[in-house]
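Thanks for coming, everyone. Please bring up the sequence and the structure side by side, and I will walk you through them.

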Amino acid sequence: MFSRIVTSALLAGFCAGLLAALLQLMFLQPVLLHAELFETGKLVHFGGQLADAHPDLPGFDLMRDGLSALFWTLLQVGYALILVACMAFAAERGVVIDARRGLLWGLAGFIAVQFAPAFSLPPEVPGAAYVDLTARQVWWWGTAIATAVAMALIAFGTGAGMWGAAVVLLLAPHLIGAPQPEAFAGSVPPELASMFAARALGVGLASWALTGLLGGYFWQRENAGS
Amino acid sequence: MTAQVKTAAKSTARSTVMPFLAAMVLGLGIITIAGHVQASALHDAAHDVRHATGFPCH
């Protein structure tokens with residue numbers, strides 16, 4: 001069982017991580033590099049000063065972008081291990097798992113660890129104002145776990161009580177509120193910051209969709225003979 | 001007899017839950033290292049991905 005979970009998760013996570021790394025390189029890295037010009041003060045946009053919207057940006061950096069690809073695959077394998085473990089647990093209890101249903105599982109995973117945390121703690125461009133890291137990490141874990149439980153209650157719960165509990169779990173982290181800075185100090189223009197947040201969520205959605213799809217596909221294939 | 005059945009049931013339950021738990025703990029460990037641990041070298045290497053995934057980074 002363990003080896004079937006790990007095999008499916010490795011294959012799914014690795015492919016999804018590569019997709020994410022490619023999408024980051026194409027759509028996210030240019031925004032991030034542009035933002036870093038503001039973070040380091042090479043570009044400034046405060047007051048009446050206009051900032052260059054199309055500066056020359058560094059191109060492909062083997063070391064930096066290679067490490068991004070490595071960490072994307074690591075991260076997505078980590079997520080896939082949890083996702084496929086949950087799929088396997090459900091499959092043991094009669095839930096059908098295949099590629100199409102896996103896609104739904106992947107979307108639920110995206111909502112739990114990217115969309116819900118981003119609702120109150122949007123993906124930050126470099127140079128954004130921030131508060132204590134530990135407090136934000138604790139809030140992040142709490143939100144991801146509460147949202148994941150809510151997703152499970154919506155998918156498998158029976159009766160209005162469980163749906164009610166799911167709504168409470170979905171809302172609670174945002175009613176409690178994420179740690180926010182006392183003052184805004186971001187040096188990056190809002191045009192770039194919003195583009196970064198939207199694209200970060202887009203890359204996350206694509207990689208999670210593929211993690212779920214392939215996780216379901218490989219899990220079904222691994223178990224086809226048994 | 002009843003005790004034996006209970007023990008058997010318990011050990012079956014454990015053997016079916018353990019693989020899921022082991023995979024989840026492994027996954028959580030990887031995510032914690034890749035996304036959250038702040039050791040300087042790790043933070044620098046994972047920097048762009050942490051920003052891209054919306055992890056609290058700095």
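One caution before that. This is a predicted model.

Start with the two chains. Chain B puts 31 residues into the contact, and chain A puts in 40. Now, how much area is buried between chain B and chain A? About 3200 Å². Carbon and sulfur atoms give 75% of that area. Look at B:Phe20, B:Asp48 and B:His58. Together they supply 20% of what chain B buries against chain A, more than any other three residues.

How many cavities of 30 Å³ or more turn up in the whole structure? Two.

The largest cavity holds about 40 Å³ of space. By type, the lining of the largest cavity has eight nonpolar residues, three polar ones and no charged ones.

The second largest cavity comes in at about 30 Å³. Its lining again draws on both chains. Chain A brings A:Leu121, A:Pro122, A:Pro123 and A:Glu124, while chain B brings B:Gly54, B:Phe55 and B:Pro56.

Now the record. An unreviewed UniProt entry annotates "transmembrane region" over residues 69-90, 102-119, 139-172 and 192-219 of chain A. Take two of those spans. Residues 69-90 of chain A are 100% helix and 0% strand, and their end C-alpha atoms lie 31 Å apart. Residues 139-172 of chain A are 91% helix, also with 0% strand. How far apart are the end C-alpha atoms there? They are 11 Å apart.

Last, one residue. Please find A:Met151. It sits in helix H4 of chain A, residues 133-156. Is A:Met151 buried or exposed? Its relative accessibility is 17%, so A:Met151 counts as buried; the cut-off for buried is under 20%. What does A:Met151 touch, leaving aside neighbours within four places in sequence? The partners are A:Ala108, A:Ile111 and A:Leu170. Stay with A:Leu170 for a moment. In sequence, A:Met151 and A:Leu170 are 19 residues apart. In space, their C-alpha atoms are 8.6 Å apart.

That is my tour. Over to you for questions.

Key
Residues are numbered from 1 along each chain as its sequence is written. Chains are lettered from A and ligands numbered from 1 in the order in which they are written. This is a predicted model: local features need pLDDT of at least 70, side-chain atom pairs count only at pLDDT 80 or more; totals for chains, interfaces and linings use all residues. Side-chain values use heavy atoms; hydrogens and water are left out. Helices (H or I, at least four residues) and strands (E, at least two) are DSSP runs, numbered from the N terminus. Buried means under 20% relative accessible area, exposed over 50%, partly exposed in between (1.4 Å probe, protein chains only). Contact means heavy atoms within 4.5 Å. UniProt positions are given in the numbering used here, feature names are shortened, and annotations may be inferred rather than shown by experiment. On a 1 Å grid over the protein atoms alone, a cavity is a set of points where a 1.4 Å probe fits but cannot get out, and a pocket is an open set with protein on both sides within 12 Å along at least five of seven lines; lining residues have an atom within 4 Å of a point. Grid points are joined across faces, edges and corners, and a volume is the space filled by probe spheres set on the points. Ala, Val, Leu, Ile, Met, Phe, Trp, Tyr, Cys and Pro count as nonpolar, Asp, Glu, Lys and Arg as charged, and the others, Gly among them, as polar. Buried area is the accessible area (1.4 Å probe) that two parts lose on being put together, summed over both.
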